[in-house]
Every structure is written in structure tokens, then in C-alpha cells.
2 protein chains.
Amino acid sequence: MSDIITVIAPVNIAVIKYWGKRDEDLILPLNDSVSATLDTSIMCAKTSVCARADFKENAIWLNGKKESFDSPRLQNCLREIKLRAAAEKSVSEDFLQRKVHVCSENNFPTAAGLASSAAGYACLVTALAKLYKVKSDVSSIARLGSGSACRSVYGGFVRWHAGINPNGTDSVATQIVDSTHWPEMHALILVVGDTKKKTSSTVGMRIATQTSELLKHRVKYCVPERTEAIIQAIKQKDFPKFAEITMKDSNQFHAVALDSYPPCVYMTDVSHFIVDLIHKYNTASGSVKVAYTFDAGPNACLYLLNDEVPKVISLIKHVFPSSKPESFITGLNSEEEVLSPALMSICEPQVQDLIKYVIHTKVGEGPTEITDGSHLLNEAGLPKTE
Amino acid sequence: MSDIITVIAPVNIAVIKYWGKRDEDLILPLNDSVSATLDTSIMCAKTSVCARADFKENAIWLNGKKESFDSPRLQNCLREIKLRAAAEKSVSEDFLQRKVHVCSENNFPTAAGLASSAAGYACLVTALAKLYKVKSDVSSIARLGSGSACRSVYGGFVRWHAGINPNGTDSVATQIVDSTHWPEMHALILVVGDTKKKTSSTVGMRIATQTSELLKHRVKYCVPERTEAIIQAIKQKDFPKFAEITMKDSNQFHAVALDSYPPCVYMTDVSHFIVDLIHKYNTASGSVKVAYTFDAGPNACLYLLNDEVPKVISLIKHVFPSSKPESFITGLNSEEEVLSPALMSICEPQVQDLIKYVIHTKVGEGPTEITDGSHLLNEAGLPKTE
């Protein structure tokens with residue numbers, strides 16, 4: 001049996017957004033957030049870890065490139081996992097002293113700006129937890145790597161509790177429902193071509209926390225109410241309610257970013273065009289069939305039930321012609337449907353390539369250990385790609 | 001002496017924004033607003049009115065085209081002016097019974113979407129007030145035509161009090177300072193090419209009032225504090241303070257529009273590019289030298305002191321090359337200044353014609369009667385252009 005542990009972990013896309021920290025070092029959020037975890041068969045991070053007595057130093061390779069191990073977030077994650085292992089006496093003192101090698105990659109373009117750090121840190125922390133045989137919940141450790149990584153530690157729908165303890169021990173993720181609860185829930189990620197330089201989430205949150213008066217109101221009143229309401233909608237599989245709250249919360253997150261000084265703007269004209277299109281589609285459908293949500297970037301994530309997918313895929317292809325139609329829709333197999341004249345007429349086709357490509361995926365499970373031996377580290381404990 | 005009254009009236013650009021009505025019919029706002037009135041020699045509405053016993057019907061011509069007199073807003077304005085005249089006994093009962101002819105035009109492109117209805121209704125109501133010899137404040141009557149028209153009734157800097165009376169009698173404009181108080185204050189209006197269909201202000205405000213939770217917080221807490229602070233800044237001619245509040249309030253207005261459901265989006269990628277440019281310019285200048293503000297459209301209005309104009313004009317020409325450089329800057333004569341390498345480097349030149357043209361203007365006076373006989377109605381009481 002190999003001493004290498006390999007794990008794959010999912011991305012997650014929030015429906016109640018996290019924006020603003022109460023503690024920057026511990027990455028403690030101002031408000032609760034809620035997300036769906038997406039199928040690892042479509043998008044995932046993969047990480048192999050190994051600890052050996054003969055390793056001279058801690059080393060990490062990300063997407064084929066050796067990186068510094070000095071990153072405070074990386075150091076924090078490793079230290080906390082080792083502290084847990086020591087407390088749980090899960091491995092020997094000698095094993096804890098060994099240096100580790102980490103090799104990680106994403107199977108989706110990092111250029112898409114799609115929660116790659118959330119998947120990456122959830123994967124790293126889960127792999128390390130398995131390496132050191134830690135049994136307790138590690139979401140609060142993943143949080144130290146990247147806030148929203150704590151949500152990728154579980155499948156299905158997940159709530160990240162802001163918590164109130166200054167040391168962050170209660171700022172953990174819990175599963176609302178697992179991935180089998182609402183298997184009809186699909187997601188379409190519309191990757192928008194973007195040349196805008198965006199403010200990093202870390203900086204954007206800092207500016208919002210320091211300057212946005214509206215953020216205070218959002219945190220105190222809007223988010224608590226929405227969090228309870230969307231959890232009910234998820235448990236009851238009430239799609240229209242789920243969708244409405246998701247869209248409102250996405251809009252409000254971007255509103256508080258815009259209310260920051262200087263303002264932070266992540267959505268583009270194309271993003272807003274997609275928003276308009278979805279509202280038109282829902283109006284034409286007579287009820288809310290699709291929800292949009294936007295993270296700190298221009299890409300749209302649409303949530304919709306699987307029955308709706310063929311029609312929406314056809315609409316997207318109609319409105320957003322692609323110069324590479326053969327690779328325009330990726331991920332799950334997508335059927336298409338001939339659009340009714342009424343649906344065709346809600347929006348004229350736009351210029352080519354406003355959307356680069358579409359990833360079709362669905363709600364899925366949390367991190368999983370890979371046991372088929374397809375590690376990213378070779379027998380010498382070095383990246384196979386080197 | 002002619003029986004035709006002709007008035008010109010200014011546009012105004014708010015620095016504390018009006019968004020949301022407490023009464024739609026009476027056009028009563030949820031919050032106070034503050035604006036600067038802009039020089040009528042650069043942009044103005046011009047209106048001629050005349051009431052004669054032989055006129056068969058009320059008639060109105062707007063920008064050369066005969067329009068229906070049935071508009072409720074128009075009817076409301078005429079009715080209220082006549083009620084005032086009757087109360088003040090300023091004209092005879094017989095004169096009040098006569099039909100009126102109204103002819104109005106703007107000297108600036110209505111396509112620019114620049115407060116033309118504010119100038120238009122301020123002009124109409126002032127002209128009618130002179131026709132019927134009404135002496136009392138008519139800002140509350142202009143408000144019935146178009147909310148922000150009440151601010152165009154005065155020059156300089158103007159406050160529109162939201163008021164609390166259900167009938168709107170206290171929702172009036174008052175002058176903060178006249179146009180001689182801060183003569184150094186200039187404005188540059190950057191007209192952005194826009195193909196987006198926007199939500200009308202009336203509809204946008206209705207949606208925001210009904211759905212935005214953040215708007216409530218803005219109205220209750222943010223605007224009252226900002227209104228007092230910016231009035232102090234105006235009185236003390238404290239430009240950096242004035243500019244900071246102006247920018248924050250523009251951002252917050254667009255934030256609450258975005259927080260509406262469905263969201264209302266008025267700024268475009270180009271608008272946000274201008275915002276970034278102004279923040280970079282202020283940073284490079286070492287203090288806040290320019291403020292931006294955006295109404296319910298993509299065009300920027302920059303407020304700045306006259307000393308700064310040559311540098312900013314040069315920067316705009318550098319960043320936004322025009323295919324018609326000879327007509328790119330209109331309005332007041334603008335000197336230019338050779339940009340320092342440091343300023344040149346804050347932003348690369350963009351593709352041509354992102355900005356259509358720039359109107360250079362300054363703070364100016366309120367509505368004025370034209371006494372040189374250049375009426376828009378001829379001796380028969382019909383438009384001269386017909």
C-alpha cells in the first residue's frame with residue numbers, strides 16, 4: 001500500500017454570498033453563507049500528499065509548477081492539521097516531524113476564476129487530514145486557506161456559520177442536505193470573456209468592510225433572514241423561492257461592492273445582459289425557472305432543474321453564437337430542444353463569443369479519496385509531470 | 001409689448017441623488033437631494049407661452065413637434081399655476097379662462113439623456129408663472145412635472161426637501177448658495193455611447209421602492225447625514241469633502257438600483273472605466289481633485305475646480321481618442337495642458353469613440369426671462385419653425 005494520499009475536492013458556488021471579514025487573519029466572515037457543492041466529475045481540484053523521513057523540506061507543486069511553501073495560509077493549514085493530529089494522538093510524534101510533499105492541480109481552467117482556491121484548499125486540507133488520520137471536522141482549517149474552502153468540505157448544500165467566537169472555533173461549515181436530496185439541481189457556468197482588471201476578493205472585502213454603509217445593513221438584517229429562508233426552500237425543494245433569493249442575494253452582494261469606496265465592480269455589460277436574459281426567460285416561462293448568481297468576477301452561474309436544461313442550453317446557443325460551437329458546451333451531456341418562436345423572440349442573437357464556453361454540471365459530493373493509484377506524486381514523492 | 005413670455009431654464013445634476021418616491025402621483029421623494037444648477041449659456045431649455053382669447057385649444061410643441069396636451073404631468077402643472085394665480089388674484093378671471101400655447105426646445109441633444117425633463121418642466125412652470133404673474137415659489141409645481149425639475153428653479157446649489165406633508169406642500173427646493181458663491185466650480189459631462197435599453201427612472205424608482213432593502217437604510221441613515229455634510233462642504237467651499245460625498249452618493253444610488261428586483265443597471269463598462277480613471281487621477285494628484293457622478297444613464301458628470309480643467313481635458317483626450325477631435329469638446333472654452341509622464345501613465349489610450357463628446361460647463365443661474373424678443377412662438381402664437 002502506497003504512503004501517498006490523493007484526494008479530489010469540489011468547487012462550490014454560493015447562493016447566499018460571503019462578503020466581508022470580521023477577522024482578516026483568521027478569515028472569519030461577517031455573515032453566514034450558503035452554497036451548492038458541484039460535481040467533482042466535471043470540475044475538481046486533485047491533491048496528492050506524502051510525508052517521509054527522507055524528505056529534506058516541505059515542498060508544493062501547483063498546476064505543474066513548484067511554488068513557495070512560505071505562504072502563511074498554507075503554513076496555517078498544515079500547522080492546524082498537525083495540532084489536531086497531536087491532540088487526537090492519531091499518528092506518531094515521529095510522523096508529525098516529517099516533511100511533506102504536496103502536489104495539486106485543477107481539472108478546469110483557473111482562468112475561469114471559478115472558486116479554484118476553494119476547491120484547492122478543501123482538497124489540501126482533506127488530503128492532509130487523511131495523511132495525519134485526523135477524524136474531526138476540518139472545515140475550520142480549510143477556512144484558514146481560503147474562506148469559502150470550508151464549504152467545499154461537504155457535498156450537497158452547505159452552510160458556513162459566521163460564528164461569534166473571536167478565535168473562530170465556531171466558524172465552521174455544516175451540511176444542509178446531501179447531494180441525493182435534490183438531484184434535479186443542475187448548474188450552467190457561463191464563462192464570460194473578460195479583459196477587466198478586477199479587485200481581488202481579499203482587497204474588495206476589506207474596502208467594503210471599511211467603507212460600505214449598506215454592507216452593515218446587509219449583514220445585520222438581510223442575510224440572516226435570507227439564510228433561514230433559503231435553507232427552508234432547499235429542504236422543501238421549492239425552486240422558485242430558492243431562485244428568487246439566490247438572484248436577490250447576488251445582486252445585493254454586487255450592490256455592496258459598488259457601495260464601497262472606491263467602488264469594486266465585478267460584473268460587466270455581458271454579465272448584466274445575462275441577468276436581463278434570465279429575467280426575460282422567467283417572465284416568458286410564467287414562473288421562475290432559472291436563477292443567476294455571480295461571484296467576484298463576470299462569469300454567471302445559472303442554477304436550474306434538469307428538465308429546464310435543454311431549453312436553456314438552446315437559448316444560450318441562440319443568443320450567444322460561438323466561433324467554436326463544437327467545444328462551446330462542456331461537462332455533462334446536454335440535450336437540446338427546439339425553441340418556440342415566443343422564446344426565440346425574447347432576445348436577438350448577439351455578436352460572436354461574448355461567452356467563451358459553458359460548463360454544464362450539477363450538485364455533487366464532497367471531497368473523496370482516490371484509491372486507484374492515480375496519484376500526482378511518483379514513487380520518489382515527486383510530481384509525475386516533472 | 002408682446003403677450004408672449006419666453007424663459008430659458010437650466011439643467012441640474014444632483015450630487016445627493018433622488019431615488020424612490022413616497023407618493024407617485026404627487027412625485028414626493030423618499031429623501032432630500034442636492035444638486036448644482038448648470039450654466040444656461042451652455043445647456044438650457046427654452047420655452048415660450050402665450051394665452052389668447054382666440055386660441056381654440058391648449059397646444060404644445062416640443063423640439064419642433066406638436067405633442068398631446070393630455071399628459072397628466074403637463075395638466076397638473078398648468079392647473080396648479082392657475083390655482084395659484086387665482087389665489088393670488090394676479091390676473092383676471094377672463095385671462096385664466098384662455099387657452100395657452102406652449103413651445104419648448106432644448107439647445108442640447110436630448111439623446112444625451114441629461115436632465116432634459118428637469119430643465120423643460122422648470123422652464124415651463126417658470127414661464128407659466130410669469131404669464132399668470134404668480135409671485136410665490138413654484139418649485140413644488142415644477143416637481144409635479146418632473147421631480148428633479150424643482151431643483152432647476154434656482155441657480156447655484158439647491159436642496160430639494162423631501163418634506164413630510166402627505167399633500168407635498170413642503171416638498172420644495174431651496175437655494176443653498178447662489179451661483180456667485182463658488183464660481184470656480186466647473187463640470188465636464190462625458191457623453192458615453194450607449195446602446196443599452198435602460199429602465200425609465202419612474203419604473204426604476206418604483207421597483208427600488210418596492211423591493212430594495214438597502215434603499216430603506218440609505219433613505220433613513222445615509223442620505224440625511226450626507227445632505228448635512230455636503231451642504232457644509234458647499235458653504236465652506238471644501239472641494240475634497242464635496243467630491244468624496246458626491247462620488248459615494250453616486251455609487252450608492254447605483255448600488256440600490258442594482259439591489260432592486262429585477263435589478264436596474266444604468267452604468268456601463270465605459271462608465272465604470274471612467275470611475276476607475278478618476279480614482280487613479282485623484283491618487284496621482286495626491287488629493288481629491290475631481291468627482292464623478294452618474295444619473296440614471298451611462299454618462300458621467302465630473303465636478304472639478306477651474307484650475308484643474310486643462311489637465312483633466314488633456315487626460316480625457318489622451319485616454320478617449322475621438323474620430324471627430326474638432327467637435328469632441330463643446331461648451332466653455334477649454335485650455336489644455338501638456339500631461340506629465342506620471343499622469344500619462346495612469347491609463348493607456350482606449351479604442352476610439354468610447355466617449356462621444358464632452359460638454360464643458362459650470363455652475364450657473366436659475367431660469368431667466370428672455371426680453372430680446374427671440375420667442376419660439378410667432379405673432380400668430382404658432383411655432384416659428386412651422
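Is the crossing of H6(A) and H7(A) left-handed or right-handed? The crossing of H6(A) and H7(A) is left-handed (the near helix is turned anticlockwise from the far one by less than a right angle; clockwise would be right-handed). This is a predicted model, where local features need pLDDT of at least 70, side-chain atom pairs count only at pLDDT 80 or more, and totals for chains, interfaces and linings use all residues. Residues are numbered from 1 along each chain as its sequence is written, chains are lettered from A and ligands numbered from 1 in the order in which they are written, and side-chain values use heavy atoms, leaving out hydrogens and water.

**H6(A) and H7(A)**

- Helix H6 (residues 213-235) and helix H7 (residues 239-258) of chain A have axes that come within 10 Å and cross at roughly 160 degrees (axes are lines fitted to C-alpha atoms over the stretch in contact, with angles from 0 to 180 degrees between N-to-C directions; helices are DSSP runs of H or I, at least four residues, numbered from the N terminus).
- H6(A) and H7(A) are therefore roughly antiparallel (angles over 145 degrees).
- Their contact (heavy atoms within 4.5 Å) includes A:Leu214, A:Cys222 and A:Ile230 of H6(A) and A:Phe242, A:Ile245 and A:Val256 of H7(A).

**H1(A) and H3(A)**

- Helix H1 (residues 72-88) and helix H3 (residues 116-131) of chain A pack at about 30 degrees, with axes 10 Å apart.
- That makes H1(A) roughly parallel to H3(A) (under 35 degrees).
- The crossing of H1(A) and H3(A) is right-handed.
- Among the residues that meet are A:Leu74 and A:Ile81 in H1(A) and A:Tyr121 and A:Leu128 in H3(A).

Technical notes:
Helices (H or I, at least four residues) and strands (E, at least two) are DSSP runs, numbered from the N terminus. Angles under 35 degrees count as roughly parallel, over 145 as roughly antiparallel, 65 to 115 as roughly perpendicular and the rest as oblique.
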